Amino acid sequence: MNNKVWGAIKGKNELAVEARGLVKSFGDNYAVNGVDMSVRAGTIYGVLGPNGAGKTTTIRMLATLLRPDAGSAQIFGYDVVKEAAIVRQLIGVTGQYASVDESLSATENLVVFSRLLGLGRQEAKRKAEELLEEFGLSEAAKRPLKNFSGGMRRRLDLAASLIAQPPLIFLDEPTTGLDPRTRAQMWETIRRLVNTGSTVLLTTQYLDEADQLADRIAVIDRGQVVAEGTADELKASVGTSSLHLRVKLPEEVNYARQLVENVLKVRSNISAEAGKITAPMADADRVTDLLLALRDAGVHLSEISVQKPTLDEVFLTITGHGVKEQPPAEAEMSSVMKEARA
Ligand SMILES: Nc1ncnc2c1ncn2[C@@H]1O[C@H](COP(=O)(O)OP(=O)(O)O)[C@@H](O)[C@H]1O
Ligand SMILES: [Mg+2]
């Protein structure tokens, strides 16, 4: 670990990231439209949102790769525009390291990178082997990078960012398109990074990922933070439990929804699944009234259940629309997606 870099943040600021009113537009498309964000040092912060929400653009501004049109951001108290050179020493962005040289092997790439960071030859070699082992890349260690799959590259990327282990690590959709085993391994590594002192800001489209990993979550939609808090706080915002109903005749769903809202006095959602309604349930006793009202109105149900709200429902409640499932950007089609479609 680079002591000079870690020295620069000692006692400097307990916020690893502080962004106020960040804006970035491309033509007349506001990719990021007034984002505020505070990330405490030593935590995992999740930025959750669907494709095109503005996650990558936000990260690129925080990582000094893109200049904001408006607003400001500090990394450990250093301004991303005025003190960009210092900021760059304090951060790691996956995606920029592993492709040192496509014709070099995975081991060689990691060794080169370690040497660039000032490690001795023996230490660099030992570190490279250790990391390749940890990421299940030992077998492929001698192969040139150009023969690596998307998932293998991703793992090598994260391995490379572990060599330097900067105080703040940006991970842009670190597990999109990865198979479940590699995904679990990635989660472990992310936790390890934070346990050994780093701060991690990760973006994800996966609700369960944010739920599992992040200390705090910002839900981002169309360039704006639409909700912020711990996973529990976000879940609580839709009620302690939620009611799931399915009407027998899908064409009655709007009528049934009206009844749900009138009786429970809440905002409800119609799910993409035919005839399905979900609603936050603050008062369990009201459900009896609802069922009676539905019966009186002649609306028949095919399904009723009470569940703990998922982050998906939180998203639905906050934004009024669900998280559209998008295929992974990666050329590599993961087994997760294959399973989901099977
Ligand atoms: N370099 C760019 N040029 C033009 N439009 C862009 C560029 N980068 C992103 N966008 C647009 O900005 C919006 C947000 O994109 P992005 O930050 O990549 O979202 P996310 O990472 O959440 O998927 C999208 O509408 C996208 O098409
Ligand atoms: Mg993105």
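The crossing of helix H10 and helix H11 is right-handed, where right-handed means that the near helix is turned clockwise from the far one by less than a right angle, and left-handed that it is turned anticlockwise. Before I go on, please keep in mind that this is a predicted model, in which local features need pLDDT of at least 70 and side-chain atom pairs count only at pLDDT 80 or more, while totals for chains, interfaces and linings use all residues. Residues are numbered from 1 along each chain as its sequence is written, ligands are numbered from 1 in the order in which they are written, and side-chain values use heavy atoms, without hydrogens and water.

The axes of H10 (residues 253-264) and H11 (residues 286-296) come within 9 Å and cross at roughly 145°; axes are lines fitted to C-alpha atoms over the stretch in contact, and angles run from 0 to 180 degrees between N-to-C directions. Helices here are DSSP runs (H or I, at least four residues) and strands likewise (E, at least two). In contact, that is with heavy atoms within 4.5 Å, H10 brings residues including Leu259 and Val263, and H11 brings among them Leu290 and Ala293.

Let me turn to ligand 1. Which residues surround it? Among those around ligand 1 are Phe26, Asn29, Pro50 and Lys55, where being around means having a heavy atom within 4 Å. An oxygen atom of ligand 1 is 2.7 Å from a polar backbone atom of Gly52, and one is 2.8 Å from an N or O atom in the side chain of Thr56; a polar contact is a pair of N or O atoms within 3.5 Å. Strand E2 (29-40) and helix H2 (55-62) each give two or more residues to this shell, and H2 gives the most, with three.

Key
Polar contact = N/O pair within 3.5 Å; in protein donor to acceptor, adjacent residues only side chain to side chain.
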